[in-house]
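Please examine the sequence and the structure before reading on.

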Amino acid sequence: MTTTAGHYAVVLALVLLVNLLPAFGPPTWVVLVLFKLNWHLNPVALVIAGALAAGVGRYCLAVATGRIRGRLRNSLEAVKDYLTGHKGRSAIGLALFTLSPCLRRSSSKPQA
C-alpha cells in the first residue's frame, strides 16, 4: 500500500468513525480540511471519499438507532419522570440550563 493510499484509508476510517458519533463530533468538512492541509491530497478525491464515508457512517448510525429505539425511548422517559417528578429538581434543572451559557462564557475567559 502506498503512502497516499494509506492516507486515504485513514481519511475513510476517521470520517466513518466521526459520523458514527450521535453528537459532539467535529463536522466532516473540518476533518477533510485537516487532512488536505497536512497531507496535500487531491481535493476532488478527498471530497468524494469523505462524502461516501460520511454517508456510510450516518446510515449505520441510523440503523443502529432504529434497532435500539424502544430501549432509548424507555430511558428518556425514565429521565423525564425523574426530572419532572419533584418540583425542586425541576427548578434546579431549569436554573442550571438557563445559567449554563453564562457559566461557559465566564470559564473560557483568558487568564491575565
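In which sense, right-handed or left-handed, does helix 2 pass helix 3? In this predicted model, helix 2 passes helix 3 in a right-handed crossing.

**Confidence of the model**

The mean pLDDT of the chain is 85, and 88% of the residues score at least 70. Confidence is highest in helix 3, with a mean of 95, and lowest in helix 5 (residues 87-107), with a mean of 71. Where pLDDT is low, predicted coordinates should not be read in detail.

**Two helix pairs**

Two packed helices are described by the angle between their axes and the distance between the axes. The table gives these values for two pairs.

| Helix pair | Angle between axes | Distance between axes |
|---|---|---|
| Helix 2 (residues 28-39) and helix 3 (residues 43-67) | roughly 145° | within 10 Å |
| Helix 1 (residues 3-20) and helix 3 | about 35° | 8 Å |

The axes of helix 2 and helix 3 cross at roughly 145°. Helix 2 contributes Thr28, Leu32 and Lys36 to this contact, while helix 3 contributes Pro43, Leu46, Val47, Gly50 and Ala54. By class, the contact of helix 2 with helix 3 consists of five nonpolar residues, two polar residues and one charged residue.

Helix 1 and helix 3 pack at about 35°, and their crossing is right-handed. On the side of helix 1, the contact is made by Tyr8, Val11, Leu12, Val15, Leu16, Asn19 and Leu20. On the side of helix 3, the residues in contact include Ala45, Leu46, Ala49, Gly50, Arg58 and Leu61. The residues of the contact of helix 1 with helix 3 divide into 14 nonpolar, three polar and one charged.

**Helix 1 in detail**

The buried residues of helix 1 are Gly6, His7, Tyr8, Val11, Val15, Val18 and Asn19. These buried residues pack against helix 2 and helix 3.

Leaving aside residues up to four places away in sequence, His7 touches Trp39 and Leu41.

Technical notes
Residues numbered from 1 in each chain as written. Predicted model: local features only at pLDDT ≥ 70, side-chain atom pairs only at ≥ 80, totals over all residues. Heavy atoms only, no water. Axes fitted to C-alpha atoms, helices over the stretch in contact; angles between N-to-C directions. Helix = DSSP H or I, 4+ residues; strand = E, 2+ residues; numbered from the N terminus. Left-handed = near helix turned anticlockwise from the far one by under 90°. Contact = heavy atoms within 4.5 Å. Nonpolar A, V, L, I, M, F, W, Y, C, P; charged D, E, K, R; others polar. pLDDT = per-residue confidence, 0-100. Buried < 20%, exposed > 50% of the residue type's maximum accessible area, 1.4 Å probe, protein only.
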